[in-house]
Amino acid sequence: MEIRQLTNTDEKQQVTRLILEALPEWFGIPESREEYIKESTDKIFFCAYDQDRPVGFLYLKETGNATIELYVMAILKEFHRHGLGRELFHCAKGAARKAGYSFMQVKTVQMGKYEEYDRTNKFYLSLGFQEFGVFPTLWDEWNPCQIYIMSLR
């Protein structure tokens with residue numbers, strides 16, 4: 001496996017589309033998926049490859065002068081629990097530090113709502129994120145938004 005930082009906008013969009021469309025359990029709302037694809041172009045973007053096949057990615061989005069968000073991370077199911085998410089995260093965390101950010105945040109669905117997202121929550125906690133708060137209606141009443149944060153200093 002290899003992690004590469006992508007800078008080409010077309011390549012970022014192609015990778016984002018390929019992987020998000022393969023994960024309908026998490027990215028099944030077409031409008032949201034298209035927004036992730038569209039927004040990928042100017043973000044700090046890392047991709048995991050198995051040989052030359054993209055199998056996962058993440059990108060970061062600035063949310064304030066000192067804060068960057070792990071905006072989207074997706075890994076093909078057959079590569080879950082192989083350490084790729086952790087590797088992608090560590091590359092992104094290093095890039096965020098180098099870019100001068102002090103904090104990183106990530107949003108997900110509140111623990112206890114859906115099994116798929118409970119695993120996601122546990123993963124973010126294992127990376128060192130801490131609970132900031134829950135915003136019950138930020139997205140909608142069926143998907144209360146859990147925000148986690150961490151210091152990059």
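Which strand gives the most to the nonpolar patch? Keep that in mind while you load the chain. This is a predicted model.

**Whole chain**

Start with everything shown as a cartoon. Read from the N terminus, the elements run β-α-α-α-β-β-β-α-β-α-β-β. The radius of gyration is 15 Å, close to the 15 Å that the globule rule gives for 153 residues, so the chain is as compact as a globular protein of that length. Along the principal axes, the C-alpha trace spans about 40 × 35 × 30 Å. Buried residues account for 42% of the 153 residues.

**The nonpolar patch**

Strand β6, residues 130-140, gives the most to the patch, with 4 residues. That settles the opening question. Zoom in on Phe132, which sits in strand β6. Its relative accessible area is 53%, so Phe132 is exposed, the cut-off being over 50%.

**Helix α4**

Move to residues 84-98. This is helix α4, with 15 residues. From first C-alpha to last, α4 reaches 21 Å, close to the 21 Å expected at 1.5 Å a residue. Colour its buried residues: Leu84, Gly85, Leu88, Phe89, Ala92, Lys93, Ala95 and Ala96. They cover an arc of only 165° around the axis, which puts them on the same side of α4.

Gly94 is partly exposed, at 36% relative accessible area. Then step just past the helix to Gly100. This glycine takes a positive phi of about 95°.

**Salt bridges**

Switch to side chains. A search of the whole structure finds 10 salt bridges.

*Arg4 and Asp52.* Select both side chains. Their closest N and O atoms are 2.8 Å apart. Arg4 lies in strand β1 (residues 2-6) and Asp52 in the loop between β2 (44-50) and β3 (53-62), so this pair ties together parts that are 48 residues apart in sequence. Arg4 counts as partly exposed, at 26% relative accessibility. Asp52 counts as exposed, at 64%.

*Glu34 and Arg17.* Go to the helices next. Here the side chains of Glu34 and Arg17 meet in a salt bridge of 2.7 Å, N to O. Glu34 belongs to helix α3 (residues 30-39) and Arg17 to helix α1 (residues 9-21), so the pair links parts 17 residues apart in sequence. Glu34 is partly exposed, with 34% relative accessibility. Arg17 is partly exposed as well, with 30%.

*Glu69 and Lys107.* Now look between two strands. Glu69 forms a salt bridge with Lys107, the closest N and O atoms being 3.1 Å apart. Glu69 lies in strand β4 (residues 67-75) and Lys107 in strand β5 (residues 103-109), so the pair ties together parts that are 38 residues apart in sequence. Is Glu69 buried or exposed? At 4% relative accessibility, Glu69 counts as buried. Lys107 is partly exposed, at 27%.

*The network.* Finally, select Glu39, Asp42, Lys43 and Lys61. Salt bridges that share partners join these residues into one network.

Gln51 is found in the loop between β2 and β3, and counts as exposed at 70% relative accessibility.

Arg81 sits in the loop between β4 and α4. At 83% relative accessibility, Arg81 counts as exposed.

Note on methods
Residues numbered from 1 in each chain as written. Predicted model: local features only at pLDDT ≥ 70, side-chain atom pairs only at ≥ 80, totals over all residues. Heavy atoms only, no water. Buried < 20%, exposed > 50% of the residue type's maximum accessible area, 1.4 Å probe, protein only. Expected span 1.5 Å × (residues − 1). Arc of directions from axis to C-beta. Rg over C-alpha atoms; globule rule 2.2 N^0.38 Å. Salt bridge = Lys/Arg side-chain N within 4 Å of Asp/Glu carboxyl O.
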